[in-house]
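This report walks through the fold shown below, element by element.

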Amino acid sequence: MEVRSKKELYKDEVEGKMRFGDEDFFLWDEDLWDLQLVVYPKDFSFEKVFGVRQSDFERGKLIFQSEREGRLICMENVKWFEKEECVLIQENVFNNIWKYVKNGVALGIQIAKDSGEDVWCEEPEDILDLGFLDRRGSRAVVENDCIVRKARTQLNENKQAWGRMQSALANPHNHFFYSEMEQVYHDKECELIHEIPAEAFQATEKRPEDREMCCLCARKSYIRQMCHPYVKQIGRVDYMLKSRNLRTDDLERMALSYGLKLRMEDTNTLWVKGAEDTWLIKGFEEAQLSLWHNNYVRLSPKERYITSGYHNQGMDGRGLYAMLEVIRKYTFAKHLAAEERAIDEQIAGIMEDVAATVRVIVKEIEKQREKEWRQFVYQLRRTVFKLLFYDHIG
């Protein structure tokens with residue numbers, strides 16, 4: 001028997017409703033078979049989890065067939081997250097409509113199979129992602145078409161895995177944690193660590209190179225690495241960096257690629273350690289920042305030793321990112337190379353000036369010689385003329 005799409009059967013009715021909405025998109029339940037349907041709780045923080053505001057998500061309507069309230073075709077609010085290619089639905093809305101929507105998902109799966117599509121799910125429940133509903137002591141499951149919480153007990157977990165997880169958490173050398181089933185890793189203070197199932201729990205001293213940092217804890221983790229061992233300053237240093245619009249991806253490069261170290265000298269001053277030298281960035285409580293470099297004494301053209309105090313680098317008013325870029329690029333060897341280039345350029349300039357002066361002098365000499373030669377020829381011609389003329393008269 002041929003399976004018919006509801007989109008075709010009720011096309012005219014749905015298009016009539018669409019004309020009066022201001023949604024970004026409309027989605028049929030039978031099209032969900034190729035997507036992930038993420039269910040989120042009422043108190044869900046989109047900015048905290050995804051790093052973007054709720055208003056940044058596309059707003060849409062999920063269309064499904066229902067006999068409730070005397071209506072054949074119904075719509076409910078959903079959201080679309082482009083980065084993860086998933087549809088998000090609020091838990092209460094899900095509980096009200098899943099008994100209808102699941103039939104549409106099953107229809108979509110069957111239509112896709114009949115059309116020769118590569119279908120990754122077998123049952124409607126396979127498209128559901130309930131991870132944001134899990135808690136440390138409970139796990140979200142679907143029963144009788146509604147979401148319920150099932151208590152987690154140590155008996156339901158693998159005892160060996162549970163023991164390994166607790167040992168890993170207690171190990172002071174472990175700084176990062178992740179689930180084998182996910183492509184993100186977490187800082188040791190991230191609250192999402194406790195949502196990782198024991199059987200998938202992994203810990204490491206170093207950052208996993210094959211995974212991305214969790215967006216919830218990334219910024220704090222980078223600042224912790226740069227502030228170590230002054231970790232009590234993390235919050236205050238972060239406040240200073242945010243006040244000058246330093247982004248999380250900038251911090252990632254400063255911490256992981258450049259190895260900068262930070263410390264708060266006072267509420268107005270940030271101490272920074274680069275590849276070799278130390279610096280002060282002053283003015284966080286003022287209108288503009290200024291960059292100061294540690295003093296040193298030159299022992300020879302290529303030797304020095306660091307002394308007390310700092311000197312202003314003449315970058316007053318520049319942004320924090322620009323100053324950190326100067327710090328991370330600076331080495332004394334590069335400074336010497338820059339000095340040598342400056343000296344070479346100065347010598348080249350002097351030589352060019354000398355050459356220009358010589359060219360002027362030579363030109364003047366040539367002009368003088370040419371003038372004297374013309375005078376000599378003139379006198380010679382005059383003398384010859386006189387001799388010839390007077391001889392002829394005589």
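## The hairpin of strands 4 and 5

In this predicted model, strand 4 and strand 5 form a hairpin. Four residues lie between the two strands. Three bridges join strand 4 to strand 5 (residues 86-90), and the pairing is antiparallel. Trp80 has Val87 of strand 5 as its bridge partner. Phe81 stands opposite Cys86, also in strand 5.

Strand 4 spans residues 73-81. Seven of its nine residues are buried, so the strand is mostly covered under the 20% limit on relative accessible area.

Strand 3 (residues 58-65) runs antiparallel to strand 4, and eight bridges join the two. Ile63 has Met75 of strand 4 as its bridge partner.

Glu91 and Arg149 form a salt bridge. Their closest N and O atoms are 2.4 Å apart. Glu91 lies in helix 4 (residues 91-114), while Arg149 lies in strand 8 (residues 146-151). The pair therefore ties together parts that are 58 residues apart in sequence.

How do the two partners count by accessibility? Glu91 has 10% relative accessibility, so it counts as buried. Arg149 has 36%, so it counts as partly exposed.

## Other salt bridges

The count of salt bridges comes to 21. One of them links Arg211 and Asp210, with N and O 3.3 Å apart. Arg211 counts as buried because its relative accessibility is 14%. Asp210 is exposed, with a relative accessible area of 54%.

Lys242 pairs with Asp238 in another salt bridge, where the closest N and O atoms are 3.6 Å apart. These two residues are four apart in helix 7, so about one helical turn separates Lys242 from Asp238. Asp238 is buried, at a relative accessible area of 15%.

Salt bridges also form a network. Its members are Asp187, Glu189, Lys220 and Arg224.

## Helix packing

Two packed helices are described by the angle between their axes and the distance between the axes. For helix 6 (residues 218-227) and helix 8 (residues 248-257), the angle is about 30 degrees. The axes are 9 Å apart. The crossing is left-handed.

Which residues make the contact? Helix 6 contributes Ala218, Arg219, Tyr222, Ile223, Gln225 and Met226. Helix 8 contributes Thr248, Leu251, Glu252, Met254, Ala255 and Leu256. The contact residues divide into eight nonpolar, two polar and two charged.

Helix 9 covers residues 320-329. Its buried residues are Leu320, Met323, Leu324, Glu325 and Ile327. They pack against helix 7 (234-243) and helix 8. They also pack against strand 14 (269-273), strand 15 (278-282) and strand 16 (290-300).

## Backbone exceptions

Most residues other than glycine have a negative phi, and most peptide bonds are trans. Several sites here depart from that pattern. The peptide bond from His228 to Pro229 is cis, with omega near 5 degrees. Pro229 sits in the loop between helix 6 and helix 7.

The loop between strand 7 (138-143) and strand 8 holds Asn144. Phi of Asn144 is positive, near 55 degrees. Asn144 is exposed, with a relative accessible area of 76%. Asp145 is found in the loop between strand 7 and strand 8 too. Its phi is also positive, near 70 degrees.

Terms used
Residues are numbered from 1 along each chain as its sequence is written. This is a predicted model: local features need pLDDT of at least 70, side-chain atom pairs count only at pLDDT 80 or more; totals for chains, interfaces and linings use all residues. Side-chain values use heavy atoms; hydrogens and water are left out. Buried means under 20% relative accessible area, exposed over 50%, partly exposed in between (1.4 Å probe, protein chains only). Two strands pair if DSSP finds at least two bridges between them. Axes are lines fitted to C-alpha atoms, for helices over the stretch in contact, and angles run from 0 to 180 degrees between N-to-C directions. A crossing is left-handed if the near helix is turned anticlockwise from the far one by less than a right angle, and right-handed if clockwise. Contact means heavy atoms within 4.5 Å. Ala, Val, Leu, Ile, Met, Phe, Trp, Tyr, Cys and Pro count as nonpolar, Asp, Glu, Lys and Arg as charged, and the others, Gly among them, as polar. A salt bridge is a side-chain nitrogen of Lys or Arg within 4 Å of a carboxyl oxygen of Asp or Glu.
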